[in-house]
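Please read them with the coordinates open beside you.

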Amino acid sequence: MDTLNRVLLAILFALIALASLVGVLLAFGAITPGQVQAVIPFRQVVNLFTANFIASALVSIALLAIVLVLGVFWLRGQFAGAVTSMVGGRYETRAEGPGATTTTYDAVERAINSVIAGIPGVISADTRIFAERDGQLFAYSSLTVKRKADIHDIDNRIRNSINREWLDKLGSKLARHDVIINLEPVEPRVA
Amino acid sequence: MRVFNNVLATIVALALIAGSAIGILYLIGLLANAPALTQLVQGWFRAIGRLSLGEIQAILLGILVVFLALFISEVRPWRAQFITIRDDEKGRTEIRRADVERYLTQRLSRERAISTESLDLIVYDGKFDVTTGVSVSTEADRNKVRNQVESNVKSNLAAIGLDKELEHIDTRVQRTKRAA
């Protein structure tokens, strides 16, 4: 979506900048309408409207309808990746027998933080659980690690500790766990 | 920038939808000979018609500058914010590029007789290049400086386990300081 946004915005901004450049040059008298007409035959377009208004108007409506539909698709695309924070929410785990166990998402977040914080080299962890539009849950952990820590080692330890088996014990159905690693900002002083 | 672009794309998409819907209503109004539909849009054009030449010039110049700046911001290359360590069905692990740059800059600055002017990571497909700019004494040996910089960067990346992602190191040596 990022690339599509950039391409479409670049094309639209270039067209608007070009049109306003022509407007500026016309307004300051640097070029004449005749010179613009030589490049873009806008008078013929105006003439089309006067010669056969109904046909031209219908074609214009069709073109505008296409722009409108494409605009709606583009707008929908902006919200396709929207996620909902599960802060304060809770879920139920039903096992054999009567009743159900209710767990808050905050408890899962804290459990993940606790596991990550126990990994050597990790200074702190902050985890949030989100739901995608299709209902799939994912966790997002932001960690601060020591500068001497091996990033791959930390990643492997996180993946080995917070795995399907561990999540099943909590009854959590996380589909994915994304991790952002931040290096501690300043070099620790050596005594 | 990505969030800004999402907001920008949302605004532009809404403008396209609103603009084309107004255009369609106006044309339907003309075809159906319904003045109620056409008067609103005509009102806006009347407002533009009342502007003086100076005002029109200023507005057009403003639009030109704003949209030229926006166009340049869209086409210039964007640097990746993260280095991807893992991306599979379990999830994605990333480290901030700026953090690694700051870490390497601080470590390189500890080297004797070298001043770090710049250090940039260019990230692509999970790999990255390091571009450094250092200033040294006029008497310093260029090859020795280059080896010193490369060794420093490689060993510090190895210390945090990121040496496998390194592709190239480019070193730019400036001779700006005199030997004491």
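1. Helix α5 of chain B runs over residues 142-159, which makes 18 residues, where helices are DSSP runs of H or I with at least four residues, strands are runs of E with at least two, and both are numbered from the N terminus. From its first C-alpha to its last, α5(B) reaches 26 Å, close to the 26 Å expected at 1.5 Å a residue, the expected span being 1.5 Å times one less than the number of residues. The model is a predicted one, in which local features need pLDDT of at least 70 and side-chain atom pairs count only at pLDDT 80 or more, while totals for chains, interfaces and linings use all residues. Residues are numbered from 1 along each chain as its sequence is written, and chains are lettered from A and ligands numbered from 1 in the order in which they are written.

2. Which residues of α5(B) are buried? They are V145(B), Q148(B), V149(B), N152(B), V153(B) and L157(B), with buried meaning 20 or more other C-beta atoms within 10 Å of the residue's own, exposed 12 or fewer, and partly exposed in between, and with C-beta atoms placed from the backbone. An α-helix has 3.6 residues a turn, so residues three or four places apart point the same way. On the other side of α5(B), the exposed residues are N143(B), K144(B), N147(B), S151(B) and S155(B).

3. Helix α4(B), residues 97-108, and α5(B) have axes that come within 10 Å and cross at roughly 130 degrees, with axes taken as lines fitted to C-alpha atoms, for helices over the stretch in contact, and angles running from 0 to 180 degrees between N-to-C directions. The two helices are therefore oblique to each other, since angles under 35 degrees count as roughly parallel, over 145 as roughly antiparallel, 65 to 115 as roughly perpendicular and the rest as oblique. The contact is made by L104(B), R107(B) and L108(B) of α4(B) and by V149(B), N152(B), V153(B) and N156(B) of α5(B), contact requiring C-beta atoms, placed from the backbone, within 7 Å.

4. In α4(B), the buried residues are D99(B), V100(B), Y103(B), L104(B) and L108(B). They cover an arc of only 160 degrees around the axis, which puts them on the same side of α4(B). The buried residues of α4(B) pack against β6 (174-183) of chain A, together with β1 (82-88), β2 (91-96), β3, β4 and α5 of chain B.

5. Helices α1 (residues 2-31) and α2 (residues 35-49) of chain B pack at an angle of about 130 degrees, with their axes 7 Å apart, and that makes α1(B) oblique to α2(B). In the loop between these helices lies N33(B), which has a positive phi of about 55 degrees although it is not a glycine. Most residues other than glycine have a negative phi. N33(B) is exposed, with 8 other C-beta atoms within 10 Å.

How values were computed. Two residues are in contact if their C-beta atoms, placed from the backbone, lie within 7 Å. The arc is that of the directions from the helix axis to the C-beta atoms.
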